Amino acid sequence: MQSVSCFNETKWRGAMPELSVDFGLFIAYLIPGFIASLGISFVLAPVANLLSASARGEDLAGSIFGSVCLIVVVGMTISIWRAGLIDSSFTVDIPVFCDVRQDPQACGIHRADPVYSSLASKDRLEAYLVAEKNDKRPYQFYGNTLIAVVIFTAGWLLSDHGRQVSMRNRIAALALALLLVVTLYSAARLSHYRYTVSVLQFNALKGPAP
């Protein structure tokens, strides 16, 4: 009887799809979406009420579900803006800093999509997934967070609290935001360069893997 039960359990496990969460996607989209949502809450009362209700535990299931949906939508929207604005800037050389030998990431490089036929073998596919995890997800995170920081800063400056602080504090906040933007853009550009080079190397592989 026990063997039959184990057989049925194994059978159902094989028939049911395995649910998994890509932690890289979680980092790349949800965290920037949360930061940007906070910035939006400074100027839009409905967003502020939703996030505050979730934080206070009021209507716990509904408020958390609404907050998560909002954060996901905002994060995905930011990713679209990042692909159109920031990623496209990677094709342009940065004057003065562009040096193919010392700082190749400062030189323009066009996006490269993987040729999946070159990833047919298990070893090559695993190597590509490592490159995606180590470089693609980080540059998505850096770029998305850059836009989220801009939204957060703009929302805070336009809020009642932001308008009430002294000019000195507002300038300090802008300087900090600018530092974060420059840092995140530099990191995004470097990770994008590394990922693109990895894809180009995979695409250059010929024939079946040994």
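## Packing of α5 and α7

The crossing of helices α5 and α7 is left-handed, in a model that is predicted. The two helices α5 and α7 pack with their axes 8 Å apart and at an angle of about 160 degrees; because angles over 145 degrees count as roughly antiparallel, α5 is described as roughly antiparallel to α7.

Where α5 is in contact with α7, the residues of that contact comprise 23 that are nonpolar, together with six polar and six charged ones.

## The largest pocket

The largest pocket of the predicted model has a volume of about 260 Å³. Its lining is made up of 17 residues, of which Asp87, Arg111, Asp113, Lys136 and Tyr139 are the closest to the centre of the pocket. Two or more lining residues come from each of the helices α4 (60–89), α5 (122–158) and α7 (167–203), and the lining as a whole divides by class into seven nonpolar, five polar and five charged residues.

## Aromatic pairs

Five aromatic pairs are found in the structure. One of them is formed by Phe90 and Tyr139, whose rings lie 6.5 Å apart from centre to centre, with 80 degrees between their planes, an arrangement that is edge-to-face. This pair links distant parts of the chain, since Phe90 belongs to the loop between α4 and α5 whereas Tyr139 lies in helix α5, with 49 residues separating them in numbering. Tyr139 is also among the residues closest to the centre of the largest pocket.

How values were computed: Residues numbered from 1 in each chain as written. Predicted model: local features only at pLDDT ≥ 70, side-chain atom pairs only at ≥ 80, totals over all residues. Heavy atoms only, no water. 1 Å grid on protein atoms, 1.4 Å probe; cavity = no way out; pocket = protein on both sides within 12 Å on 5 of 7 lines; lining within 4 Å. Points joined across faces, edges and corners; volume = space filled by probe spheres on them. Helix = DSSP H or I, 4+ residues; strand = E, 2+ residues; numbered from the N terminus. Nonpolar A, V, L, I, M, F, W, Y, C, P; charged D, E, K, R; others polar. Axes fitted to C-alpha atoms, helices over the stretch in contact; angles between N-to-C directions. Parallel < 35°, antiparallel > 145°, perpendicular 65-115°, else oblique. Left-handed = near helix turned anticlockwise from the far one by under 90°. Phe/Tyr/Trp six-rings, centres within 6.5 Å; stacked < 30°, edge-to-face > 60°.
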